Amino acid sequence: MAAPANSTTFSGDVWAELRLADARDVPHIHSLIHQMAKFELLTDLFAATEELLTSTLFPSPTPPPFTSFTALILDLSPSPVVPDSSSTIASRRFDLSASPLADPEAAAFASPRGGGRVTAGFVICFPNYSTFLSKPGLYVEDIFVRAPWRRRGLGRMMLSAVAGRAAEIGMGRVEWCVLDWNKNAIDFYEGMGADVLPQWRICRLTGAALDKYKGNQEEAADGKAAA
């Protein structure tokens with residue numbers, strides 16, 4: 001099948017860089033989250049805005065990476081990437097000579113870093129804590145690669161880099177969730193050595209169910225004073 005007329009074809013050597021995101025990446029992060037919601041059949045829950053992403057992911061001053069909400073961007077470049085010690089988390093070269101790749105969204109996802117780069121995915125993670133281990137851990141909220149770039153080893157590169165950084169800074173574990181119907185993802189994670197824990201269930205308060213607890217602390221304090 002011919003590539004769409006407006007697509008960009010990548011062939012030969014391509015360089016992947018997983019780097020720290022900044023506020024310039026917010027439009028792409030927003031679009032990637034929406035694509036992920038469509039893939040997961042959860043668009044009814046999608047309420048993210050670029051304004052909220054900017055204020056919550058990139059406050060001023062921005063905390064050091066992996067000590068708070070940390071957003072990472074996966075960029076692909078047709079020319080060699082020079083790692084930046086202040087922002088590059090991982091990089092690799094791969095060869096598309098045998099299977100050139102057409103990216104119909106390359107123009108829409110042109111990286112703000114320029115140089116012909118395109119943004120192909122993202123990770124959002126933040127620290128949590130294990131009382132059993134008495135150590136901090138890292139929770140991966142989202143890891144996502146756009147459809148044209150899947151099955152190229154990029155998801156493994158991203159998750160390996162995040163796990164490696166967690167191990168390097170002394171964290172006890174890395175955790176994330178996977179939808180029970182996504183067998184490809186489950187197999188992939190198990191292939192990376194992760195345990196999938198069917199005995200645990202997610203509990204969540206959000207929206208109106210959460211809002212009804214507003215002021216609950218004050219009510220409890222009033223009741224104690226009256227007693």
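**Entry 1: a leucine in a loop**

I began with leucine 41, which lies in the loop between α1 (26–39) and α2 (50–57); helices here are DSSP runs of H or I with at least four residues and strands are runs of E with at least two, both numbered from the N terminus. The model is a predicted one, in which local features need pLDDT of at least 70 and side-chain atom pairs count only at pLDDT 80 or more, while totals for chains, interfaces and linings use all residues. I also note that residues are numbered from 1 along each chain as its sequence is written, and that side-chain values use heavy atoms, with hydrogens and water left out.

Is leucine 41 buried or exposed? I found it exposed, because its relative accessible area is 66%, where buried means under 20%, exposed over 50% and partly exposed in between (1.4 Å probe, protein chains only). Together with Phe39 and Trp181, Leu41 forms a nonpolar surface patch with about 350 Å² of accessible area. Patches are made of residues with over 30% relative accessible area and no salt bridge, with like charges joined within 9 Å and nonpolar side chains (Val, Leu, Ile, Met, Phe, Trp, Tyr) within 5 Å; the areas come from the Shrake-Rupley method with a 1.4 Å probe, and for residues only the protein chains shown count as cover.

**Entry 2: the whole chain**

I counted six helices and eight strands, in the order β-β-α-α-β-β-β-β-β-α-β-α-α-α along the sequence. The C-alpha trace spans about 75 × 40 × 35 Å along its principal axes, and of the 227 residues 34% count as buried. The accessible surface comes to about 13,600 Å², of which 55% belongs to carbon and sulfur atoms. Among contacts (heavy atoms within 4.5 Å) between residues at least 6 apart in sequence, 76% join residues at least 24 apart.

**Entry 3: the cores**

I then looked up the largest nonpolar core, which has 30 residues, those with the most contacts inside it being Leu18, Leu72, Leu74, Leu76, Phe94, Trp149 and Leu154. Such a core is a set of buried Ala, Val, Leu, Ile, Met, Phe, Trp, Tyr and Cys residues joined through side-chain atoms within 4.5 Å. Two or more residues each come from β2 (13–20), β3 (70–77), β4 (88–95), β6 (118–130), β7 (135–145) and α3 (154–168), and α3 gives the largest share, six residues. Leucine 154 is in contact with Ala16, Leu74, Leu76, Phe94 and Trp149, neighbours within four places in sequence being left aside. A second, separate core holds 15 residues, including Ala21, Phe58, Phe109 and Phe122.

**Entry 4: salt bridges**

Twelve salt bridges are present, each a side-chain nitrogen of Lys or Arg within 4 Å of a carboxyl oxygen of Asp or Glu. Aspartate 75 is bridged to arginine 19, with the closest N and O atoms 2.9 Å apart; aspartate 75 lies in strand β3 and arginine 19 in strand β2, so the pair ties together parts that are 56 residues apart in sequence. I noted that both aspartate 75 and arginine 19 are buried.

Aspartate 22 meets arginine 24 in a salt bridge at 2.8 Å, N to O, and meets arginine 113 in a salt bridge at 3.4 Å, N to O. Arginine 113 counts as partly exposed because its relative accessibility is 31%. Salt bridges that share partners join Arg19, Asp25 and Asp75 into one network.

Which residues of helix α4 (residues 183–191) are buried? They are Ala185, Ile186 and Tyr189, and they cover an arc of only 100° around the axis, which puts them on the same side of α4; the arc is that of the directions from the helix axis to the C-beta atoms. These buried residues pack against β7, α3 and β8 (174–176), whereas the face turned away from the buried side carries the exposed residues Lys183, Asn184 and Gly191. Just after α4, glycine 193 takes a positive phi of about 100°.

Last, I checked aspartate 13, which is placed in strand β2 and is partly exposed, with a relative accessible area of 32%. Not counting residues up to four places away in sequence, aspartate 13 touches Pro78, Arg93, Phe94 and Asp95. Aspartate 13 and serine 77 are 64 residues apart in sequence and 9.0 Å apart in space, C-alpha to C-alpha.
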